[in-house]
Amino acid sequence: MDDDQLLYEGKAKSVFRTNVAGELRVVFRDDITAFNGGKKDILAGKGAYNARVSAFFFEYLEKNGIPTHFIRMEDERTMIVRELTMIPLEVIARNVAAGSIVKKFPFTEGQRIDPPVIVTDYKDDEHGDPSINDDLIIALGFLSPDDLREVRETTLKINTLLKDFFTKAGIELVDFKIEFGRSGDTICLGDEISMDSMRLWDLATGESLDKDVYRFGKGDVLSAYGRVVDKILQEN
Ligand SMILES: Nc1ncnc2c1ncn2[C@@H]1O[C@H](COP(=O)(O)OP(=O)(O)OP(=O)(O)O)[C@@H](O)[C@H]1O
Ligand SMILES: [Mg+2]
């Protein structure tokens, strides 16, 4: 088998085969994009920040009983993961209303959502990642009813674990997006958990510490991402 064969180049990560069957190499690049690729830049060091935070949370979640694809870090921006058959869904948990949910529904920005809500989008850039509901997920064969329940329960558990951790670190977990895949019969958490995939607000100041800083030109993106890394390491 070809080592280093590029399997997939996404907007922020590149996925390669390794010479070990069933293991992939995920490289977190310094590219940052928003608005489905409409805004693009390269920020030196951003990939390493996201890789570090992702690795940290994959280990934290594993310790708390959530199966993930994480195996080990190879270098500061490169993660070795278990190859999954990805389920083409973006599973989003929301604790506070912000972003697209405020545009689509009569929530006000910053409104608390308790109990949290989980929504799902069909992961398909060509169709603009449209929202999808449970019946469609089952009709399209993405998940059985039992697996759908499991994904929902696992997402709620991940939300509680992440929210508790972030609160201690002085950060509000507003929302996050995750992706799952299958390894044999096990549904594992895949992809990333990073400042590109979560919305994080500083509990003291309300400042954004995530990709919204980039989306809306709210300040220095790298220093916001770096602050999350510092707060996480301090808390740990
Ligand atoms: N363990 C895994 N096995 C197989 N594929 C994976 C695994 N983890 C993540 N992936 C896939 O790897 C790709 C990572 O690419 P990346 O996140 O850069 O781009 P994207 O998801 O296509 O676009 P974007 O995130 O910008 O919407 C995604 O398609 C993701 O679903
Ligand atoms: Mg992605």
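Biologist: What is the strand order in the open sheet of 3 strands, and in which sense do its members pair?

Modeller: The order is β8-β13-β14, with antiparallel pairing. β8 (85–86) and β14 (186–189) each have a single partner strand and stand at the edges, so one side of each is left without a neighbour in the sheet. This is a predicted model, in which local features need pLDDT of at least 70 and side-chain atom pairs count only at pLDDT 80 or more, while totals for chains, interfaces and linings use all residues. Residues are numbered from 1 along each chain as its sequence is written, chains are lettered from A and ligands numbered from 1 in the order in which they are written, and side-chain values use heavy atoms, with hydrogens and water left out.

Biologist: What makes β12 (residues 171–178) a mostly covered strand?

Modeller: Buried means under 20% relative accessible area, exposed over 50%, and partly exposed in between, with a 1.4 Å probe and protein chains only. In β12, 8 of its 8 residues are buried. The strand also has partners: β9 (residues 89–96) is joined to β12 by 4 antiparallel bridges, with I92 opposite K177. β15 (residues 198–202) pairs with β12 over 5 bridges, again antiparallel, and there M198 is the bridge partner of F176.

Biologist: Why is ligand 1 said to lie between domain 1 (6–82) and domain 2 (85–220)?

Modeller: Both domains give residues to the shell around ligand 1, so the ligand lies between them; the domain bounds come from an automatic or database domain assignment. A residue is near a molecule if one of its heavy atoms lies within 4 Å of it. There are 16 residues around ligand 1, the closest being Y8, K13, H69, K123 and E179. β2 (13–17) and β7 (78–82) each supply at least two residues of the shell.

Biologist: Which backbone and side-chain atoms lie 3.1 Å, 2.6 Å and 2.9 Å from atoms of ligand 1?

Modeller: A polar contact is a pair of N or O atoms within 3.5 Å. A backbone N or O atom of A12 lies 3.1 Å from an oxygen atom of the ligand, and a polar side-chain atom of K13 lies 2.6 Å from an oxygen atom. A backbone N or O atom of R82 lies 2.9 Å from a nitrogen atom of ligand 1. Taken alone, the ligand exposes 620 Å², and the protein buries 86% of that; these areas follow the Shrake-Rupley method.

Biologist: Why is F35 called partly exposed?

Modeller: F35 has 49% relative accessibility and therefore counts as partly exposed. F35 lies in the loop between β4 (31–34) and β5 (39–42), with a positive phi of about 55 degrees although F35 is not a glycine. N36, in that loop as well, has a positive phi near 50 degrees.

Definitions and conventions:
Pairing = 2+ DSSP bridges. Polar contact = N/O pair within 3.5 Å; in protein donor to acceptor, adjacent residues only side chain to side chain. Areas by Shrake-Rupley, 256 points an atom, 1.4 Å probe, with all protein chains shown as cover.
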